[in-house]
Amino acid sequence: MSQTVRTRPEGSGQALSEAYDTALLDLDGVVYAGGEAIAHAVDSLATARAGGMHLAYVTNNALRTPDAVAGHLTELGIPTVASDVITSAQAVARLISEQVPAGARVLVIGGDGLRVALRERGLEPVDSAEDEPVAVVQGYGGPDLAWSRFAEASYAVARGVPWFASNTDLTIPGARGIGPGNGAAVEVVRIATGAEPQVAGKPLPPMHRETILRTGAERPLVVGDRLDTDIEGAFNGEVDSLLVLTGVTDGAQLLAAPPKHRPTYVDADLRGMLTGQPEVVEAGDGFRCGGWTATAGGEELELTGEGEALDGLRALCAAAWTAAGEGSCELNGGKALARLGL
């Protein structure tokens, strides 16, 4: 796919909630962490919804059903129905259903979210490699998923049964920090079998297709915290994105982002949906945003001025991405980020 290489975050004269008809929101690290709402999320989403924006929640976490996710969000003060939730379990179930006969047995390594999604597609979940499954599907099963489940998947995959994965996120944020995600579990089976799964979740096309089919979005804005899933998924789907800094991505990772990981907009949290976005403009041999000017020096990124920290980060992104072109910026941005407290 040929796309214009983004060299700076874009500005917007309109609030993003007015410029786009649908927000495709990641959950973990964006709306909540460890089950608790992230600061400003509830009020920001309520305001966006009141202004007419459709809110859809798009998650690579295949553990819970859409009903369970909707119930949790509603308990947090974000009124949600199951049809507002799109999961990687739904995306992988559709992918499997397009390749196996109706009513086929599928070995499930994961939780209820996978089982419900498979049944929605007319497939029969089973628990053993001895149940003659025609496919194996693996999704996040929570921290207590038994090691024996990985062995069961390995037995079937080693026999040549097609293997599918809901997603390959290596980590998942929680209340106590960052824990291993489904991608780590997928690696266990990969090591045991030498096989490669078909993957449905973000950033790959099956997840974007599932999202658009279920939401009918015409001007979607992907809102996420991960460069390698949310932002890359938006890039692959050729839609705009907003990175929020409430999850796993830090300033250094953002500055080093290759083109497919560069978001359209950057903001601190979901309040960024409710405002316009400042322009980043050329200033001599550097880039200015707000009161900050960033330049790419010989070995490091340099920052002068003062003002809002996020404006400084946006200016630094422009300097770093322009210097990197189609690659990843290797200039040291540590001192500049420290000035911003990031």
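Buried here means under 20% relative accessible area, exposed over 50%, and partly exposed in between (1.4 Å probe, protein chains only). Helices (H or I, at least four residues) and strands (E, at least two) are DSSP runs, numbered from the N terminus. The model in these views is predicted, so local features need pLDDT of at least 70 and side-chain atom pairs count only at pLDDT 80 or more, while totals for chains, interfaces and linings use all residues. Residues are numbered from 1 along each chain as its sequence is written, and side-chain values use heavy atoms, with hydrogens and water left out.

**View 1. Helix α8 and its buried side.** Let us start with helix α8, which spans residues 205-215. Its buried residues are P206, M207, E210, T211 and T215. They sit on the same side of α8 because they cover an arc of only 145° around the axis, the arc being that of the directions from the helix axis to the C-beta atoms. On the face turned away from this buried side, you can find the exposed residues P205 and L213. The cover over the buried residues includes β1 (22-25), β4 (54-59), β5 (85-87), α4 (88-97) and β12 (198-199). Just after α8 comes G216, which takes a positive phi of about 65°.

**View 2. An open sheet of six strands.** Follow the strands across and you will meet them in the order β5-β4-β1-β13-β14-β15, with parallel pairing in an open sheet. Two strands pair if DSSP finds at least two bridges between them. At the edges are β5 and β15 (265-267), each of which pairs on one side only. From one strand to the next, the twist averages 25°.

**View 3. The β4 and β5 end of the sheet, with helix α2.** Three bridges link β4 and β5 in the parallel sense. Look for Y57, which stands opposite V85 in β5. Helix α2 (residues 41-50) lies across β1 and β4, and runs at about 135° to β4. Here axes are lines fitted to C-alpha atoms, for helices over the stretch in contact, and angles run from 0 to 180 degrees between N-to-C directions. Contact means heavy atoms within 4.5 Å.

**View 4. The hairpin of β18 and β19.** Strand β18 (residues 292-296) and strand β19 (residues 301-305) run antiparallel and are joined by five bridges. Together β18 and β19 form a hairpin, with four residues between them. Within this pairing, T295 stands opposite E302 in β19.

View 5. A salt bridge is a side-chain nitrogen of Lys or Arg within 4 Å of a carboxyl oxygen of Asp or Glu, and a search of the whole structure finds 19 of them. In one of these, E130 meets R159, with the closest N and O atoms 2.8 Å apart. E130 lies in the loop between β7 (124-126) and β8 (135-138) and R159 in the loop between α6 (147-158) and β9 (163-165), so the pair ties together parts that are 29 residues apart in sequence. Both E130 and R159 are exposed.

**View 6. Further salt bridges.** The side chains of R271 and D269 meet in a salt bridge (2.8 Å, N to O). R271 is partly exposed, with a relative accessible area of 41%, whereas D269 counts as buried at 7% relative accessibility.
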